[in-house]
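Open the model in your viewer and keep the selection panel at hand. The stops below can be followed in order.

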Amino acid sequence: MSIKLPKITVWRVIFAVILACGLYATYLRVMYGLGGATNLSDKFPWGLWIAFDVMCGVGLAAGGFTLVAMVHIFNIEKYRPILRPAILTAFLGYTLVVVGLLYDLGRPDRLWHPLVMWNPHSVMFEVAWCVTLYTTVLFLEFVPVVFEKFGLHKPLEWIHRISVPLMILGVLLSTLHQSSLGSLFLIVPEKLYPLWYSPILPLLFYISSIAVGLAMTIFESWHSSRAFGRALELPLLMSMGRVLAVVLSVYLWIRFLDLSHRHAFALLAQNRIETWLFALEIALMAVPMVLLYQARIRRRPGALYACAVMVVFGFIANRLNVGTTGLEAGSGTHYIPKWSEIAVTLSIVAVGFATFRMIAQYFPIFEVEEHHSAGPEMEETEADSVAVG
Amino acid sequence: MPKAILYDSTLCIGCKACEAGCAERWGLPYNEQIAAEPRISAHKLTAVETHGDRFSRRLCMNCVQPACASVCPVGALQKTSLGPVTYDADKCMGCRYCMQACPFQVPTYEWNSRLPKMRKCNMCSERQIAGKLTACAEACPVGATINGNRDELIQEARRRIAEKPDQYYGKVYGISEVGGTSVFYLSAVPFEQIGLRTNVGQEPMPETTWRVLELVPDVVSTGTVLLGGIYWITNRRAEVAKKEGR
């Protein structure tokens, strides 16, 4: 490889600015503690780093277990071409969740404590174990890619031998902690606004994670096809759009039943910030659901991509509502993240995109024949738009 | 025999001697400026609040079934048989779930420290073990805060209401709230008027999450059988198809 200076593009400049801000925010976090880097307070102990970096991070990585279940357990072979990118996204996602946790924990040096000091009555304890184990599983699911790249056939065989129990374990662990992120909030019935507080929060979190896992898979297929000049697996993504429409319908219907059984609909008449945020969140799920039922929408890559983006944002809105905005009134305070919280979050996202791109470029993530066709001349043109977003 | 604290806000004169006694016991600084701070914080673990012409004292409720102890992933918080909910700073990793979960918003954090700890009242755990009164009860010059056996304090609180029904709001706060606490309040007015949360339920908070957590073994075992079964069926189908040359 010849050394050449990277070209300066708009996206690269933005990337650099975000990272510079993130680095300064990191300095503030380390030197001045959580008080110096966040707007958290005794009344509002969890903010953006938990609600986005952890809760959204884990959810957006749900494509990994969804695709593994579809391809390996339900044996729907046709989805195999997009399995590896989904596993890579998941592995990176979970790694970045741990990075986010290192920022958020008061004592990041004690991240390992829950593995040694047990409290099985704590949802957080369960999540800690599941995330640790599942990140390991994802590593093992991803590592064959590395073995293939370097032609290590022996370890490849070993991994293949344990792959089935590994896949099942991965799906189980995901089921547990995707839902448990919702269970975390079962203990704040008097704080979380009733449009979001529900005894079935774990179920709602689980179903919405499957929806966003599918949406993220469409999202990243679209981006990587542009970045690497690959043909889009359109028929695949179209059928995935169908599945997504059904999952969204199930989710919204359960959400509707839940609100109606809890007699929470009267709240929608109140002109409060919560009402509008709730409406936004539901619209971002309902609109793509309606659109995805139509064949002419699914057939158009741009429209399919737009639907996926809406679902991703609807999901993020939901997690932020449960994790921050829905708790403000009940906690008797207001919370707006400090610039440094946002800078760290954006940096983590940016690093995620860049790392995905790098790994996808040098390792056999996409189908081999397509990988060859993506020559270096292609990546010059489209790659940069993807590097950060 | 579990211990408890009874705080009678009708007797409290707002002298803040309890605050000073508490600070001394924890080795925390206490001066006029800190005395003027209206709320509990990491350097002020009890606070006398003013609500109009009434006083109300804030401190950890040391719940009978504490939410904080149930949510702590490392078991840094423990409910002791004597009543206090204690905290082991050496275990704490700073996830702050205890702060989020506490229905009374009691736990506070050393936000500006590089190696922060959670701080809260622990009902003078070591003094209770030694058979001594809590520092706040010992400091109170008028008996507004008293410390004793939980059962006896409930009786005492009810006796006071029965003796002077016109001077008291007819309930004792803390007997049934979140399944019972170790701090009881008596008041002349409804409790929300002296800043107490009245929207908390009667059910112990840990129940809310345990109802789901206790399903984990069921989910894992059922899921293993189900996923394993589906795998076996779908891949068997593929094998057969391969053999038949389809």
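A salt bridge here is a side-chain nitrogen of Lys or Arg within 4 Å of a carboxyl oxygen of Asp or Glu. The model you are looking at is predicted.

**Stop 1: between the chains**

Select B:R96 and A:D104. Their side chains meet in a salt bridge, with N and O 2.9 Å apart. How many salt bridges are there between chain B and chain A? The count is 1. Polar contacts across this interface amount to 27 residue pairs, both residues at pLDDT 80 or more.

Show B:M93, B:Q100 and B:W111, which supply 16% of the area that chain B buries against chain A, more than any other three residues.

**Stop 2**

Go to A:I50, in helix α2 (residues 48–60) of chain A. Is A:I50 buried or exposed? Its relative accessible area is 8%, so A:I50 counts as buried. Neighbours within four places in sequence aside, A:I50 is in contact with A:M55 and with A:D104, the residue that meets B:R96 in the salt bridge of the previous stop. Draw a distance from A:I50 to A:V97: the C-alpha atoms are 9.2 Å apart, while the two residues are 47 apart in sequence.

Next pick A:T345, which lies in helix α14 (residues 339–362) of chain A. A:T345 is buried, at 7% relative accessibility. Residues up to four places away in sequence not counted, A:T345 touches A:L48, A:W49, A:F52 and A:D53.

**Stop 3**

Select A:W253, A:F256, A:L257, A:F265 and A:L268. Together they form a nonpolar patch on the surface with about 440 Å² of accessible area. A:W253 has its place in helix α10 (residues 234–261) of chain A.

A:R262 is partly exposed, at 24% relative accessible area, whereas A:D258 is buried, at 7%. Then show A:E274 and A:R272, another salt bridge, with the closest N and O atoms 3.0 Å apart. A:E274 is buried, at 5%, and A:R272 is partly exposed, at 30%.

**Stop 2: a network in chain B**

Select B:D8, B:E156, B:R159, B:R160 and B:E163, which are linked in a network of salt bridges. Within it, the side chains of B:R159 and B:E156 meet at 2.9 Å, N to O. Because they are 3 residues apart in helix α7 (residues 150–163) of chain B, about one helical turn separates them. B:R159 is partly exposed, at 37% relative accessibility. Over all chains, the structure holds 18 salt bridges.

**Stop 3: helix α1 of chain B**

Finish with helix α1 (residues 17–26) of chain B. Which of its residues are buried? They are B:C18, B:E19, B:G21, B:C22 and B:A23. These buried residues pack against α2 (32–36), β2 (47–51), β3 (54–58) and α6 (135–139) of chain B. After α1(B) comes B:G27, with a positive phi near 70°.

Notes:
Residues numbered from 1 in each chain as written. Chains lettered and ligands numbered in written order. Heavy atoms only, no water. Buried < 20%, exposed > 50% of the residue type's maximum accessible area, 1.4 Å probe, protein only. Helix = DSSP H or I, 4+ residues; strand = E, 2+ residues; numbered from the N terminus. Contact = heavy atoms within 4.5 Å. Patch = residues over 30% accessible without salt bridge, like charges linked within 9 Å, V, L, I, M, F, W, Y side chains within 5 Å. Areas by Shrake-Rupley, 256 points an atom, 1.4 Å probe, with all protein chains shown as cover. Buried area = accessible area lost by both parts, 1.4 Å probe. Polar contact = N/O pair within 3.5 Å; in protein donor to acceptor, adjacent residues only side chain to side chain.
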